Amino acid sequence: MKKILVINGPNLNFLGIREKAIYGNEDYNYLVDMIEKYAKEKNFEVECFQSNHEGGIIDKIQEAYLNGTDGIVINPGAYTHYSYAIRDALASVNPCPKVEIHISDVNSREEFRHISVTEPVCEGQVVGKGLKGYLLAIDMILENKYDK
Ligand code: DQA
């Protein structure tokens with residue numbers, strides 16, 4: 001059974017509270033429930049982790065390497081746009097595949113969101129598909145099919 005880690009970065013615990021017109025009405029617990037149900041349905045093991053702290057996210061990525069995780073789905077939140085430390089952590093855990101996911105369409109928002117420093121070290125990226133994007137990112141890992 002594949003073991004997948006889903007990491008959500010800063011402010012994603014505020015889903016359902018923050019900027020609902022952009023991120024929707026569903027909260028973080030809804031997202032976790034949705035992912036856990038998908039794991040039962042598709043028969044994979046999943047851990048959902050959220051942190052507002054860069055170092056906590058890096059520790060979790062390193063832990064995934066050490067405990068034999070088969071794939072990482074990560075929404076690094078705003079860290080996407082400038083955290084070279086998270087990028088380096090993601091680059092460290094090869095051959096574990098990583099898929100970056102963004103709920104919103106970052107490419108049609110502010111200029112600073114067009115740049116992802118983490119995407120180049122991920123095997124795939126899902127953007128602007130809402131919460132369903134997490135399941136699409138998981139599918140990439142389950143099927144071992146990436147968009148680049
Ligand atoms: C986000 C997009 C980021 O620019 C933003 O800082 C977030 C959420 C998304 O899921 O659309 O926190 O990663």
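Ala, Val, Leu, Ile, Met, Phe, Trp, Tyr, Cys and Pro count here as nonpolar, Asp, Glu, Lys and Arg as charged, and the others, Gly among them, as polar. The model is predicted: local features need pLDDT of at least 70, side-chain atom pairs count only at pLDDT 80 or more, and totals for chains, interfaces and linings use all residues. Residues are numbered from 1 along each chain as its sequence is written, and side-chain values use heavy atoms, with hydrogens and water left out.

Start at the ligand. The residues around it, each with a heavy atom within 4 Å, include R18, Y23, N75, H81 and R113. This shell divides into four nonpolar, five polar and two charged residues.

Now look at polar contacts (pairs of N or O atoms within 3.5 Å). A polar side-chain atom of R113 sits 2.8 Å from a ligand oxygen. A backbone N or O atom of I103 is also 2.8 Å from an oxygen of the ligand. For a polar backbone atom of A78, the distance to a ligand oxygen is 3.1 Å. Alone, the ligand exposes 330 Å², and the protein buries 98% of that (Shrake-Rupley method, 1.4 Å probe).

Next, move to helix α4, residues 84–92. Helices here are DSSP runs (H or I, at least four residues), numbered from the N terminus. I86, A89 and L90 are buried, meaning under 20% relative accessible area, while exposed means over 50% (1.4 Å probe, protein chains only). Seen down the axis of α4, the buried residues fall within an arc of 100 degrees, so they line one face of the helix. That arc is taken from the directions from the helix axis to the C-beta atoms. On the other side of α4, Y84 and S92 are exposed.

Key: Polar contact = N/O pair within 3.5 Å; in protein donor to acceptor, adjacent residues only side chain to side chain. Helix = DSSP H or I, 4+ residues; strand = E, 2+ residues; numbered from the N terminus.
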